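Here is a brief report on one structure. Keep the sequence and the 3D view at hand while reading.

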2 protein chains.
Amino acid sequence: MKTTKAQTIRKPRPTPTPRTRGDARRRLLTAAIRRIRQRGYANTSVDELCADAGVTKGAFFHHFSSKEALAIAAAEDFQSSAMDLFDRAPHRKLDDPVQRLLAYVLQRRKLLRGELPEFTCLLGTLVQETYATHPAIRETCNKALFEHIDWLESDVRAALARLRTRPRWSAKSLAIHIVSVLQGAFILAKAQSGTSAAIASVDHLHRYLETIFVSARSRK
Amino acid sequence: MKTTKAQTIRKPRPTPTPRTRGDARRRLLTAAIRRIRQRGYANTSVDELCADAGVTKGAFFHHFSSKEALAIAAAEDFQSSAMDLFDRAPHRKLDDPVQRLLAYVLQRRKLLRGELPEFTCLLGTLVQETYATHPAIRETCNKALFEHIDWLESDVRAALARLRTRPRWSAKSLAIHIVSVLQGAFILAKAQSGTSAAIASVDHLHRYLETIFVSARSRK
DNA sequence: TATTGCATACCGACCAGTCGGTATGTTTGT
DNA sequence: ACAAACATACCGACTGGTCGGTATGCAATA
């Protein structure tokens, strides 16, 4: 097991590595977010991920202790990117919380025009596959999903405050419903290989919100 | 590689197989429907499935040409069982299509009280994981999902006929939305390891249907 | 006795993770 | 100012084990 001479001297120049040093982690995360959304967690191998990211296995296990650890990091990264995307949207500056909510739904509707692996949710994909076998991943996805729900809830709460009569359901339950519809829409889009069903469902969600907050006249 | 005599004579009594002959296919389907819902397609191995079903690999590949073929058969079987379950429910005999729809949603809500691998949808789980890699599975799930949607659509259509004013959206779009909400609810249930979020979402769906078909006074 | 319905043994491909090693900074003692 | 000492980033061959699928045999039924 000591050094065999033949092994010690391998190649004079293994790779000149023209790529910038230090971005392997970022590249792996990006590759994972794309790949897992497209092919699922179990069906994505570490080798594929490395090839995708243009790094080696050594780099992978230098930055992540396991495949599961990468998935967890990817879920967290995905969530923070998503929050950025939705929180920086111009309609966020609207004064009316009802308008903010409706604009959010329309923003998501617009996103459906892109490609499938771009608009689908990593969290939903991941958790569906791993909830029973990888508790740590499940918990991370749950946390991220409810972070988003909480974020929505504050707008729902503000919108509810403008209603004349208090409904029997909570602000949180409606925030949950919004996320639920979106997740379901993604599944139908995958089944269809198209977005017409997803759009139809999101449109109904939009109408539901209008019915609640607009048709029922607001206090203003 | 020809037969070695020592291999030919193995054990005098390999297994008396007390199990009834001829049910291996059924057992494999049942095992697959449970297991894939719980652990996903890629993470379910043929060996596990065989162990679960109490059959051997030989039996597996006698009945199914591949793992993919089993998944397709399981999806079809799952769909026909589900149709049975919902179509034979007592509330199906109600005259009012609106009541039938509301009762359907309540039935699904009630199912959420069971265990996760029992009420979740094999089709949604399967298609999310395989849509990009197994076109045949995707297509089967799509077909099954839209069979269910079509089934719902006929009630929606009948319910719409009772409304005074025709809405701008189609009967099919609402049927799609119903399925979408349910699929989303399953994802949240998996993330939560609980059903409170799923129930909240299904309740909003129920209220939406009421708003459309009940609150808006019907022609009767 | 032929066909169907399994059982057992096995195979090559692939997979997550390891390990010995190198290349490139960064800090520190002099 | 400079080099030794250390730390970080990365490389890629290798391993033990698992996977889907195959080859072959045999027992029960028709």
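## An aromatic pair in chain B

Tyr104(B) is buried, with a relative accessible area of 1%. The model is predicted, so this value, like the others here, is computed. Phe86(B) is also buried, at a relative accessible area of 2%. Both residues count as buried because their values fall under the 20% cut-off.

How do the rings of Phe86(B) and Tyr104(B) pair, and at what angle between the planes? A pair of aromatic rings is described by the distance of the centres and the angle of the planes. For Phe86(B) and Tyr104(B) the centres are 5.3 Å apart and the planes make an angle of 65°. The pair is edge-to-face because an angle over 60 degrees puts it in that class. The pair links distant parts of the chain. Phe86(B) sits in helix H5 (residues 67-87) of chain B, and Tyr104(B) sits in helix H6 (residues 97-111) of chain B. They are 18 residues apart.

## Other aromatic rings

Over all chains, the count comes to eleven aromatic pairs. Chain A has an aromatic cluster made of Phe60(A), Phe61(A) and Phe64(A).

## Chain A fold

Which elements make up chain A, helices or strands? Chain A has eleven helices and zero strands. From the N terminus on, its elements run α-α-α-α-α-α-α-α-α-α-α.

Chain A has 220 residues, and 51% of them are buried. Take the contacts in chain A with a separation of 6 or more: 70% come from residues 24 or more positions apart.

## The interface of chains A and B

The size of an interface is often given as the accessible area lost when the parts come together. Between chain B and chain A, the buried area is about 4100 Å². Carbon and sulfur atoms give 65% of that area. In chain B, the residues that lose the most area to chain A are Gln128(B), Tyr131(B) and His204(B). Together they account for 17% of what that side buries. The contact takes 44 residues from chain A and 44 residues from chain B.

What about polar links? There are 21 residue pairs in polar contact across the interface, both residues being at pLDDT 80 or more. The count of salt bridges between chain B and chain A is zero.

Several helices of chain B each supply at least two residues of the side that touches chain A. They are helix H2 (24-39), helix H7 (116-119), helix H8 (122-130), helix H9 (135-161), helix H10 (171-192) and helix H11 (196-215). H10(B) gives the largest share, 15 residues. By class, the side of chain B that touches chain A has 21 nonpolar, 17 polar and six charged residues.

Ser193(A) lies in the loop between helix H10 (171-192) and helix H11 (196-215) of chain A. Its relative accessible area is 44%, so Ser193(A) is partly exposed.

Now chain B. Ser193(B) is a residue other than glycine with a positive phi, near 55°. Ser193(B) is found in the loop between H10 and H11 of chain B. Ser193(B) counts as partly exposed because its relative accessibility is 44%, a value between the 20% and 50% cut-offs.

Technical notes
Residues are numbered from 1 along each chain as its sequence is written. Chains are lettered from A and ligands numbered from 1 in the order in which they are written. This is a predicted model: local features need pLDDT of at least 70, side-chain atom pairs count only at pLDDT 80 or more; totals for chains, interfaces and linings use all residues. Side-chain values use heavy atoms; hydrogens and water are left out. Contact means heavy atoms within 4.5 Å. Buried area is the accessible area (1.4 Å probe) that two parts lose on being put together, summed over both. A salt bridge is a side-chain nitrogen of Lys or Arg within 4 Å of a carboxyl oxygen of Asp or Glu. A polar contact is a pair of N or O atoms within 3.5 Å; within protein, one must be able to donate a hydrogen and the other to accept it, and residues adjacent in sequence count only if both atoms are side-chain atoms. Helices (H or I, at least four residues) and strands (E, at least two) are DSSP runs, numbered from the N terminus. Ala, Val, Leu, Ile, Met, Phe, Trp, Tyr, Cys and Pro count as nonpolar, Asp, Glu, Lys and Arg as charged, and the others, Gly among them, as polar. Rings of Phe, Tyr and Trp (its six-membered ring) pair if their centres lie within 6.5 Å; planes under 30 degrees apart count as stacked, over 60 as edge-to-face and the rest as tilted. Buried means under 20% relative accessible area, exposed over 50%, partly exposed in between (1.4 Å probe, protein chains only).
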